[in-house]
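Good morning, and thank you for coming. I shall present one structure today, which I now put on the screen.

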Amino acid sequence: MSIYIDENICNGCKGLAEARCERICPGDLCYRKENTKAAIRDQSACWTCACCVKECPVQAIELRLPFQISCNAASLKAQLKRNRTIWTIKDASGQVEEYVIQARSLKGD
Ligand code: SF4
Ligand code: SF4
């Protein structure tokens, strides 16, 4: 799997001293280039935790799924809501599916 950042969508987290993807990446792999668009330093060091995918407020970052998992090129994006994450998977033919993961209650169950 790999991470792809769409420069046409990334707004560089304008106004923030540190971009959201920079702040959240546990491997310190995300950074902003001189044109303020985000990039990844080293794909091979990324362990595809998807933190940056969920954290990006404009869905500029996607997880590219390998052939072994998706059978054809597919990508995964996320929208983080207060109590749930909405995942959107899009395959090579453009077919889109959404699924929702509810956040676990902090009160326990
Ligand atoms: S998927 Fe995780 S490790 Fe990879 S760039 Fe994003 S936040 Fe960093
Ligand atoms: S969080 Fe999204 S919008 Fe902000 S710099 Fe990273 S990719 Fe760009």
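Cys 52 touches Ile 3, Cys 21, Ile 24, Cys 30 and Ile 61, where touching means heavy atoms within 4.5 Å and residues up to four places away in sequence are not counted. Please note that this is a predicted model, in which local features need pLDDT of at least 70 and side-chain atom pairs count only at pLDDT 80 or more, while totals for chains, interfaces and linings use all residues. Residues are numbered from 1 along each chain as its sequence is written, chains are lettered from A and ligands numbered from 1 in the order in which they are written, and side-chain values use heavy atoms, with hydrogens and water left out.

Cys 52 is also one of the residues with the most contacts inside the largest nonpolar core, together with Ile 3, Ile 5, Cys 21, Val 53 and Ile 61. That core has 23 residues. Two or more of its residues come from each of strand E1 (2–5), strand E3 (38–40), helix H2 (51–55), strand E4 (61–65) and strand E5 (74–80). By a nonpolar core I mean a set of buried Ala, Val, Leu, Ile, Met, Phe, Trp, Tyr and Cys residues joined through side-chain atoms within 4.5 Å. Buried means under 20% relative accessible area, exposed over 50%, and partly exposed in between, with a 1.4 Å probe and protein chains only.

Let me turn to the chain as a whole. The protein has three helices and seven strands, taken as DSSP runs numbered from the N terminus, with H or I over at least four residues for helices and E over at least two for strands. Their order from the N terminus is β-α-β-β-α-β-α-β-β-β. Of the 109 residues, 31% count as buried. Among contacts with a separation of 6 or more, 38% join residues 24 or more positions apart.

Next, the ligands. Which residues are found around ligand 1? They are Ile 3, Cys 25, Pro 26, Cys 30, Ile 40, Cys 46, Trp 47, Thr 48, Cys 49, Ala 50, Cys 51 and Cys 52, each with a heavy atom within 4 Å of the ligand. This shell divides into 11 nonpolar residues, one polar and no charged. Here Ala, Val, Leu, Ile, Met, Phe, Trp, Tyr, Cys and Pro count as nonpolar, Asp, Glu, Lys and Arg as charged, and the others, Gly among them, as polar.

Ligand 2 is surrounded by residues including Cys 10, Asn 11, Gly 12, Cys 13, Cys 21, Cys 56, Pro 57, Val 58 and Ile 61. Its shell has nine nonpolar, two polar and one charged residues.

Cys 56 lies in the loop between H2 and E4, and it counts as buried because its relative accessibility is 11%. Val 58 belongs to the loop between H2 and E4. Is Val 58 buried or partly exposed? Val 58 is partly exposed, because its relative accessible area is 29%. Val 58 is in contact with Ile 9, Cys 10 and Asn 11, leaving aside neighbours within four places.

Finally, Cys 13 is found in the loop between E1 and helix H1 (20–24). Cys 13 has a positive phi of about 50 degrees, although it is not a glycine. Cys 13 counts as buried, because its relative accessibility is 10%.
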